[in-house]
Amino acid sequence: MSQTELPDIQALSTEMSQLRQELQLRDQLVQQLSQELFRLVKGNTNFIPPKLEPEQDLTQLKALQEQLQAVEQQVTFYQEQITVRDAEIYQLRQSVQELTDRSRMLEQVVQELPQIYRRKFEERMTPVREKVAQLQRENRQLQAELQSVSYRLALKTRTSSHSGIDLPNFPRPASS
């Protein structure tokens, strides 16, 4: 999930919470008003609305119907927004779940990587170790042969020299 989507989700969640709170507040106010109205009407048996002219009644009725229609439109609008936001929240939750699952899978892969690298390294090192061991064997064999040849050469040179003693040759000083 990108960095820009998180603030959008939070903003949408906050706005949706505010809309729900406003809707609950309106529902409570309507409930309280209807209860108060019912209490006033029921408690006052002498309450008889004054007779108004039918034209005035119709005007008031029409105004109340318009107000009711406006409130119903607002409620419908808010319900549609809540439905849209609920769908967005559902999609975001699914995305979060998918990303969480993917993150867990990647964490598991990352935890297994050292073992995989060790195994691969060991597989690559086996032929190298074998080659090193082979070279070391060959080196020991060649050193043994070299010592043998050196010894034989030393014997041969001693037996072929006249005195049998090797004397060092010092450089002669130049006479002026």
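Modeller: Let us begin with one cut-off: a residue is called buried when its relative accessible area is under 20%, and exposed when that area is over 50%. Please note also that this is a predicted model.

Biologist: Why is Arg85 called buried?

Modeller: Arg85 has a relative accessible area of 13%. The limit for buried is under 20%, so Arg85 is buried.

Biologist: What makes the pairing of Glu15 with Arg85 a salt bridge?

Modeller: The closest N and O atoms of Glu15 and Arg85 are 3.3 Å apart. A salt bridge requires such atoms to lie within 4 Å, so the pair qualifies. Glu15 belongs to helix α1 and Arg85 to helix α2, so the bridge ties together parts that are 70 residues apart in sequence.

Biologist: Why does Glu15 count as partly exposed?

Modeller: Its relative accessibility is 33%. Partly exposed covers the range between the limits for buried and exposed, and Glu15 therefore counts as partly exposed.

Biologist: Which label does Arg104 receive, buried or exposed?

Modeller: Arg104 has 52% relative accessibility, and therefore counts as exposed, the cut-off being over 50%. Its salt-bridge partner is Asp101, with the closest N and O atoms 3.8 Å apart. Asp101 is partly exposed, at 39%.

Biologist: How far apart are Arg104 and Asp101 along helix α2?

Modeller: They are 3 residues apart, which means a separation of about one helical turn.

Biologist: How many salt bridges does the structure hold?

Modeller: It holds 6, including one between Glu122 and Arg129, whose closest N and O atoms are 2.5 Å apart.

Terms used. Residues are numbered from 1 along each chain as its sequence is written. This is a predicted model: local features need pLDDT of at least 70, side-chain atom pairs count only at pLDDT 80 or more; totals for chains, interfaces and linings use all residues. Side-chain values use heavy atoms; hydrogens and water are left out. A salt bridge is a side-chain nitrogen of Lys or Arg within 4 Å of a carboxyl oxygen of Asp or Glu. Helices (H or I, at least four residues) and strands (E, at least two) are DSSP runs, numbered from the N terminus. Buried means under 20% relative accessible area, exposed over 50%, partly exposed in between (1.4 Å probe, protein chains only).
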